[in-house]
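Take a walk through this structure with the sequence at hand. Keep the 3D view open and find each residue as it comes up.

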Amino acid sequence: MHTLATLPKGHEAIITSVSHMTDADTIALRLGELGFVPGERVQTIATGPFGREPIAVRLGTSRFALRHSEAARIHLQDSK
Amino acid sequence: MSTSTPRNIALAGNPNCGKTSLFNQLTGSRQKVGNYAGVTVERKVGFFTTPQNTPIRVLDLPGAYSLSSTSPDEDITRDICLGHHPAEAQPEVLIGVVSASNLRLHLRFLLELKQIGVPVIVALNMMDEAEKIGLTIDTKGLSADLGMPVIPVISLHKQGVTQLLTTLDQPVPAPPALPEGTDLHAEVRRLLSHYVQQPATSRERFTDRLDRWTLHPVLGPLILLVILFIMFQTVFAWAQPIMDALGSGLNDFGAWVLTPLPAGMLHSLLADGVIAGAGTVVVFLPQILILFLWIITLEESGYLPRAAFLLDRVMAMAGLSGRSFIPLLSSFACAIPGIMAARTIQNPRDRLVTILIAPLMTCSARLPVYTLLIGAFVPHRTVWGIMNLQGLVLFGLYATAIISGIIAARIMTRGVASQEHPLLLELPPYRRPLLRSVALGLWQRAVMFLSRVGTIIVSLNVLLWGLSSFPFPPAHATGAAIDYSIAGRIGHLMQPLFSPLGFNWQICVALIPGLAAREVAISSLATVYAIGATGDDAGDKLLPILSSQWSMATAFALLAWYVYAPQCISTLAVMRRETRSLKIVFGAAGYLFGLAYLGAFLTHYITLKMQ
């Protein structure tokens, strides 16, 4: 099982879960509100110019920029 | 039905749903931009009438992803939508704006609005974009299912706006609420599968093609660099002729006003207090507007979040995020538009730190002072074969300021940084900026700048003029008139405090009017040294006097002072307006003065030791 933080550029995967780091993890809640919910497909479209961080991902018809720690909350399974 | 008191409605929707262009389409120029009391969130109110002559007052609520808020913007939206806001009544009708091309994200927030229990009219925006990518939306079915009127709109044209207005004349019932605990995502998926038809083969969108270049690890930063380079070129190059023309126009105007007046008190007040004071600031208007033309265009086009993405790592070194970059960059022209541009930063802490370090970015008003002192004290000679020593010192002053800014931001963000600091930035689709929105934005900036900052500047200048003019010197006085004035006395009083920095009383006096605008310090020094020159040519006559009367240590200490000192009242005034906190303003002035004193002291001490 891997996370969005390690999904290689150009690859697509399906979200299995979003982990909450604390009881009131506002970042995890916000990720859910933005549509990072189990069953959705995500694709990494770009990585930052200075290493892996931040990453840009496509989720349905939206695109988001995430830092590593945010992306690491999102667990994935391969789409095929 | 026609009533005299306007009906209260509000536009609510996700960021990038085209809410503001719909707002502009509805209200035209009949809108007021201000801040919500106590917070720095921009408050936009507009007025229009429906076909049946019902007056409507409409609020353009800050864009939100959810009613469970995470930012001051979203707090406002939540409080007003739920009727919890202390000053704003709950809107009678909400217009839920959704982008047809991004329904997966936007419908979820619309469902949150549906749960409130207030009538909601859905403006299905950007239908043209949806058609372009081959989406077919069953608006009738969607409307029946949601229990809300759904009106297709293209906010760039009048299309749909008329229908929206007609709907406002009809009674709209509150939509039926979904059962408690409904999974909103599942509901969105159900709605999408029932009422939206995706094309069988999805073409790669324009935005994705462009992102390949703009987000590329090597090409992306290069493109950004080119854009920034052109931006700064135009800010300085395009603005210069306009500023010159404006400056000479103001001079002519001043002369025209002043000629019929006999020399004396009134003449002096108008010339030195009002006209010179307002003039120094108004001259910066072209620069500020060109800067904002770029910022608004970059923002409207959707590029700004990409720039923030590319620079996130760099800004992280200062404990900030990519969003702080553009305001800090603007501050090299003038800290005032820089501080105003910090509004684009959503995170309140980042916004505050950005505002606090903006005065450290070397603004253009410091250049005249730097040029004069470097010209007087740094020998004109070539070092290491190719470099000009004077240019090197100037570069060093800029570099010192930037490094100090990074360190200051790092220190300020230290305590809070232990808490996770999210980026979570939406990268919206690219859009062609609307001429109408850009023009409206520029107009609002110009009015805001001229009215508020202008009045503050003029009153302060009159005050400083008074301090430097009264009381008059005795009849047989030999020294400069300013020596006998309150400002002159203050200069003498200040001197013990500043003598460790090597400042003489003349410098202390010049520091006072220099508070209004940094470059005024030069003409003040000229006055103090009784040269009688004013304005631009003061420097030429001042140069030999300074190099003969000041020590090198004093000159360098004054340079160091200017790198840090927040001695521009208008910057502090804008800071006060943007943060609505005197505590922050005093804190900023305190830390900058502290740095300036320390910097000047060390520079003076080290230069003396090295000689």
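**A walk through chain B**

Start at B:Asp312, which sits in helix H13 (residues 304-316) of chain B. Is this residue buried or exposed? B:Asp312 is buried, because its relative accessible area is 0% and the cut-off for buried is under 20%. Next, look at what surrounds it.

Now step back. This is a predicted model. The predictor gives the complex an ipTM of 0.92 and a pTM of 0.75. Chain B has an average pLDDT of 80, and 84% of its residues score at least 70. One stretch needs care. Over residues 531-538 of chain B, pLDDT stays under 50. The model has 10 contacts beyond four places in sequence for that stretch. Where pLDDT is low, predicted coordinates should not be read in detail.

What is chain B built from? It has 26 helices and 12 strands. Of its 611 residues, 54% are buried. Consider also the contacts in chain B with a separation of 6 or more. Residues 24 or more positions apart account for 72% of these.

The largest nonpolar core has 104 residues. Which of them touch the most other members? They are B:Tyr303, B:Leu373, B:Phe498, B:Phe503, B:Trp550, B:Leu558 and B:Trp561. Helix H12 (residues 285-301) of chain B gives the most to this core, with nine residues. Zoom in on B:Leu373. Leaving aside neighbours within four places in sequence, B:Leu373 is in contact with B:Val378, B:Leu546, B:Trp550, B:Ala555, B:Leu558 and B:Leu559. Another core lies apart from the largest one. This other core has 39 residues, including B:Leu67, B:Ile76, B:Val188 and B:Leu192.

Move on to a pair of helices. Helix H1 (residues 19-27) and helix H6 (residues 161-169) of chain B have axes that come within 11 Å. The axes cross at roughly 75°. H1(B) is therefore roughly perpendicular to H6(B), a term that covers angles of 65 to 115 degrees. Which residues make the contact? H1(B) brings B:Leu22, B:Gln25 and B:Leu26, while H6(B) brings B:Val161, B:Leu164 and B:Leu165. Five of the contact residues are nonpolar, one is polar and none is charged. Remember the geometry of a helix as you look. An α-helix has 3.6 residues a turn, so residues three or four places apart point the same way.

Another helix shows how covered an element can be. Helix H16 (residues 348-357) of chain B is mostly covered, with eight of its 10 residues buried. Its buried residues are B:Arg349, B:Asp350, B:Arg351, B:Val353, B:Thr354, B:Ile355, B:Leu356 and B:Ile357.

Now visit a strand. B:Gly96 belongs to strand S5 (residues 93-99) of chain B. B:Gly96 is buried, with a relative accessible area of 0%. How far apart are the C-alpha atoms of B:Gly96 and B:Leu11? They are separated by 6.2 Å, although the two residues are 85 residues apart along the chain. Again set aside neighbours within four places in sequence. B:Gly96 is in contact with B:Ala12, B:Leu110, B:Leu113, B:Val120, B:Ile121, B:Val122 and B:Ala123.

Compare another glycine. B:Gly514 lies in the loop between helix H21 (505-511) and helix H22 (520-528) of chain B. B:Gly514 is buried, with a relative accessible area of 0%. The C-alpha atoms of B:Gly514 and B:Ile288 are separated by 21 Å, and these residues are 226 residues apart along the chain.

Finish with two loop residues. B:Asn16 is found between strand S1 (7-13) and H1 of chain B. Its phi is near 65°, a positive value in a residue other than glycine. B:Met126 lies in the loop between strand S6 (120-125) and helix H4 (127-132) of chain B. The phi of B:Met126 is near 60°, also a positive value in a residue other than glycine. What about their accessibility? B:Asn16 counts as partly exposed, because its relative accessibility is 31%. B:Met126 is buried, with a relative accessible area of 7%.

Definitions and conventions. Residues numbered from 1 in each chain as written. Chains lettered and ligands numbered in written order. Predicted model: local features only at pLDDT ≥ 70, side-chain atom pairs only at ≥ 80, totals over all residues. Heavy atoms only, no water. Buried < 20%, exposed > 50% of the residue type's maximum accessible area, 1.4 Å probe, protein only. Helix = DSSP H or I, 4+ residues; strand = E, 2+ residues; numbered from the N terminus. Core = buried A, V, L, I, M, F, W, Y, C linked by side-chain atoms within 4.5 Å. Contact = heavy atoms within 4.5 Å. Axes fitted to C-alpha atoms, helices over the stretch in contact; angles between N-to-C directions. Parallel < 35°, antiparallel > 145°, perpendicular 65-115°, else oblique. Nonpolar A, V, L, I, M, F, W, Y, C, P; charged D, E, K, R; others polar. pLDDT = per-residue confidence, 0-100.
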